[in-house]
Amino acid sequence: MSNCGNTQFRGKILQRPTAGECPVCNPDDINPAEDACVCPPLGEPKLLTVAAPVVFDECGINLCRVVDDLNCVFPDVDFEDDDVAAIELKVIDIDFNFDKDDGSKVETLTRRPNCVRVTLENIDVTFAAKVLDSDCKVIDEECFTIKYLPGDADDPYFDDDTNPISVAVDVYAPYGVSYELKRDCTPIISFLGFVEDGCRKDSGNNSIRQGIVAQALAKVVNLDVDSQTAAIGLTIYLKAIYFVQYRIPHKGLCVPPKCIPVDVEAENACLEFVEGDLLEQSIQPLELCCKPKSFEHGCLPVQDPTPSEDCARKR
């Protein structure tokens with residue numbers, strides 16, 4: 001282990017396998033092993049260790065319901081005089097109402113421990129909408145929220161085929177789900193949408209989180225300008241996502257193109273730098289990955305077709 005400093009430490013110091021010796025502090029060593037903490041490797045690696053969000057399971061459902069008063073949704077649009085031809089929709093948020101008794105639920109299956117049952121009920125879907133004319137010009141933009149899966153057969157928008165009381169799906173989630181600690185450790189669904197932090201009471205939703213994640217797409221499947229009604233189709237994707245480390249082939253670093261200044265005549269060192277090549281990062285990542293030495297599936301051992309390699313660097 002390198003002794004480049006005399007820092008006192010009361011605990012136990014551990015060394016990663018590829019730490020090596022410090023050539024600066026051991027000048028008499030003819031061929032000192034490279035210490036990445038002092039001499040980071042340069043160049044491009046053959047493999048990269050990447051922590052990526054991996055989709056372990058995914059399925060989708062389609063729903064549809066009618067909005068029967070577009071004038072309330074778009075108060076600045078005159079549907080009688082304006083040339084309204086279409087409405088474009090983007091789903092920016094879904095509130096699954098986990099804090100309500102008749103809201104959505106994520107439940108563990110007693111006899112199927114690697115799956116969870118996702119029940120969607122009384123979900124509030126928020127759309128960002130653009131009203132377009134026949135020339136694809138934007139007439140108006142609005143955000144609005146409507147409810148799907150009403151949880152009550154007496155709801156005026158209930159339809160057993162297109163907008164039922166609720167839907168339930170079993171999702172393969174071997175590493176578990178995410179929890180809301182403020183709600184007594186309640187299992188939840190994270191929605192991947194387009195809301196920034198600070199725009200809602202909890203937090204934004206435009207980043208991927210582990211556990212059960214939902215995404216949604218929407219379109220107006222039928223628009224009746226005369227009666228100011230629209231049928232909105234909604235697709236909800238449910239995914240089980242976990243961050244997993246992988247080694248992937250490295251095909252080379254990507255250097256973004258540089259913007260070129262126009263009609264600059266001055267000559268100095270700063271100008272030469274500004275007009276020159278972009279600075280690049282070229283320190284090579286360390287190889288961190290060790291293959292598992294054994295695999296088990298329940299009570300039965302599984303043979304690994306690619307035996308484990310020694311993780312420590314040979315010196």
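**Reading rings, charges and strands**

Modeller: Ring pairs link F56, Y175 and Y242 into a cluster. This is a predicted model, in which local features need pLDDT of at least 70 and side-chain atom pairs count only at pLDDT 80 or more, while totals for chains, interfaces and linings use all residues. Residues are numbered from 1 along each chain as its sequence is written, and side-chain values use heavy atoms, with hydrogens and water left out.

Biologist: How many aromatic pairs does the structure hold, and what describes such a pair?

Modeller: Two values describe a pair of aromatic rings: the distance of the centres and the angle of the planes. Rings of Phe, Tyr and Trp (its six-membered ring) pair if their centres lie within 6.5 Å; planes under 30 degrees apart count as stacked, over 60 as edge-to-face and the rest as tilted. The structure holds six aromatic pairs. Among them is the edge-to-face pair of F56 and Y242, at 5.1 Å centre to centre and 85° between the planes. F56 is in strand β1 and Y242 in strand β12, 186 residues apart, and the pair links these distant parts of the chain. Strands (E, at least two residues) and helices (H or I, at least four) are DSSP runs, numbered from the N terminus.

Biologist: Are F56 and Y242 buried or exposed?

Modeller: Buried means under 20% relative accessible area, exposed over 50%, and partly exposed in between (1.4 Å probe, protein chains only). F56 is partly exposed at 29%, whereas Y242 is buried at 3%. Another edge-to-face pair is formed by F74 and F144, with 6.1 Å centre to centre and 75° between the planes. F74 lies in the loop between α1 (70-73) and β2, and F144 in strand β6, 70 residues apart. F74 is buried, with 1% relative accessibility, and F144 is buried at 11%.

Biologist: Which charged side chains sit over a ring?

Modeller: A charge sits over a ring if NZ of Lys or CZ of Arg is within 6 Å of the ring centre and within 35 degrees of the ring normal. The charged end of R65 is over the ring of Y157, 3.7 Å from its centre. K90 lies over the face of F194, 4.4 Å from the ring centre.

Biologist: What is the order of the strands in the open sheet of four?

Modeller: Two strands pair if DSSP finds at least two bridges between them. The order is β1-β12-β11-β10, with mixed pairing. β1 (47-67) and β10 (190-191) are at the edges with a single partner strand each, so one side of each has no neighbour in the sheet. β1 and β12 (residues 229-249) run antiparallel and are joined by 20 bridges. In β12, T235 is the bridge partner of N62.

Biologist: How many salt bridges does a search of the whole structure find?

Modeller: Side chains of opposite charge can pair when their charged atoms come close. A salt bridge is a side-chain nitrogen of Lys or Arg within 4 Å of a carboxyl oxygen of Asp or Glu. The search finds four. One of them joins E58 and K239, with the closest N and O atoms 2.4 Å apart. E58 is in strand β1 and K239 in strand β12, 181 residues apart. E58 is partly exposed at 39%, while K239 is buried at 10%.

Biologist: Which residue forms a salt bridge with R117, and which with K147?

Modeller: R117 pairs with D170, the closest N and O atoms being 2.7 Å apart. R117 is in strand β4 (residues 115-120) and D170 in strand β7 (residues 167-172), so the pair ties together parts 53 residues apart in sequence. R117 is partly exposed at 36%, and D170 is partly exposed at 27%. K147 meets D124 at 2.8 Å, N to O. K147 lies in strand β6 (residues 138-148) and D124 in strand β5 (residues 123-133), so parts 23 residues apart in sequence are tied together. K147 is partly exposed at 28%, and D124 is buried at 19%. Salt bridges that share partners join R112, R117 and D170 into one network.
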